[in-house]
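Please examine the entry shown below.

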Amino acid sequence: MASRATDVPSTGTVIRLSPRSAQLIHLGAQGLLRRSTRRARRGDVVPTIARMGVLQIDTINVVARSPYMVLFSRLGPYTNDWLDDALAEGRIAECWAHEACFVPSTEFRWHRDYRSGRAGHWAHRSAERTYAEARIDMEALLDRIRREGPLRAADFEREGTGTKGWWGWKPEKRWLEAWFALGRLMVARRDRFQRVYDLSERVVAGWPEPPPSGTLDEATVRRHFIVESVRALGIAKARWIADYFRLRPRVTDDELAPLVADGTLSRVEVDGWSDAAYVHREHGDLLAEGARNALRASRTTLLSPFDPVVWDRARALELFGFEYTIECYTPAAKRKYGYYALPILHRGRLIGRVDAKAHRQSGMFQVIGIWLEDGVQASVPVVQGVAEAISTCAAWHGTPRVVVERGQPRGLAALFQAALDA
């Protein structure tokens, strides 16, 4: 929402918010506050990514790969190819940001020029080690792409299995990823989610708006990412900010003071918080409504484990009281909620989680388990809202038959199965 001059109290006034308003400002900034009033359109994809700043990439495909799921949570049912097309058309780009992410191509130059931060990232360090060990082979691979054009890892035939490290990738895949992390290669498009790599200069030359060739200084890039983090989060404590774009060092209140002084950010206080919080001027309307306790949430949806709302587990706990751990990396015997449990967002609160799997060949959406948080009652609005969210997600996958196997508290599975069957 664009702010207006009358939205925010005058300078010097302390703006106080309730914890509930802080939650809703965050969800409003993330595009998760209210139900959509229309069907998703192709043109919605890039603005939705721009609103978040980044769209994290993960390949686990138990329900839907994370970037598609994050968009679904905000847009509702849409066509997955729209995301793929946006990449191929140069309207978004892949780069290392929070982790491997899609970003609007108009923002790519900031990520390209964030040298100090990316140099400390694990992917960049691994890439440098790989280059030191395989310089001749990596240069030969780069030369082949220069001659032949865009290539996938699958275009490099090799007998035998992969090697240790980097998920058991064959050497050519590791070399491609190393060049990607070092900035010499970019992802031109994806073919069935497989990256198709090309020289960075050729990729950006084909974009509708190629980035400027000049290099931005570190201080300018850092300020940009700080401001963008607060804008994307809606409301943020200073110690929440660095995680969003993996900034180093941590952001402090002293560093934010000039941004408050020039009006870019508003400093606010939230009841029960010992730290100050900050809101971007773009969210003046949200802040004004939050100060009047006038914000209302109507959206119910399932979130990806890599959704910006929950990827910072400490922030999700502080802001929503929601303790979340993704358990796909946990041995099966030690899992509490399942391999890939999806947080449930219901009317502005994180009220539980669903462990699900989409069986596309049989058309079944398997709810392995559903859990409500302590203190959340299985009221009619909760059951109906969550059942509708599950049903919508299942239909989006082409798996309209939903089977609920177990739930907690006792009797919950039967309640949801009945609501879904109805």
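How many bridges join strand β12 (residues 364-372) to β13? The two strands run parallel and are joined by 4 bridges. This is a predicted model, in which local features need pLDDT of at least 70 and side-chain atom pairs count only at pLDDT 80 or more, while totals for chains, interfaces and linings use all residues. Residues are numbered from 1 along each chain as its sequence is written, and side-chain values use heavy atoms, leaving out hydrogens and water.

- Helices (H or I, at least four residues) and strands (E, at least two) are DSSP runs, numbered from the N terminus, and two strands pair if DSSP finds at least two bridges between them.
- V404 in β13 is the bridge partner of V367.
- From β12 the chain crosses through helix α16 (residues 380-396) to β13 in a right-handed β-α-β crossover (clockwise from the first strand over the helix to the second, with the strands pointing away from the viewer).
- Strand β13 (residues 401-404) has V402 and V404 on a covered face, and R401 and V403 on an uncovered one.

**Cysteines**
- The count of disulfides (pairs of cysteine sulfur atoms within 2.5 Å) is 0.
- C328 has its closest cysteine sulfur in C101, at 17 Å, which is too far for a bond.
- C393 is buried, with a relative accessible area of 0%.

**Glu327**
- E327 lies in the loop between α15 (313-320) and β10 (341-346).
- E327 is buried yet has no salt bridge (a side-chain nitrogen of Lys or Arg within 4 Å of a carboxyl oxygen of Asp or Glu); R335, the nearest side chain of opposite charge, is 6.0 Å away.
- A polar atom of the E327 side chain lies 2.9 Å from the backbone nitrogen of G338.

Methods
Buried means under 20% relative accessible area, exposed over 50%, partly exposed in between (1.4 Å probe, protein chains only). Lys and Arg count as positive and Asp and Glu as negative; His and the chain ends are not counted. A polar contact is a pair of N or O atoms within 3.5 Å; within protein, one must be able to donate a hydrogen and the other to accept it, and residues adjacent in sequence count only if both atoms are side-chain atoms.
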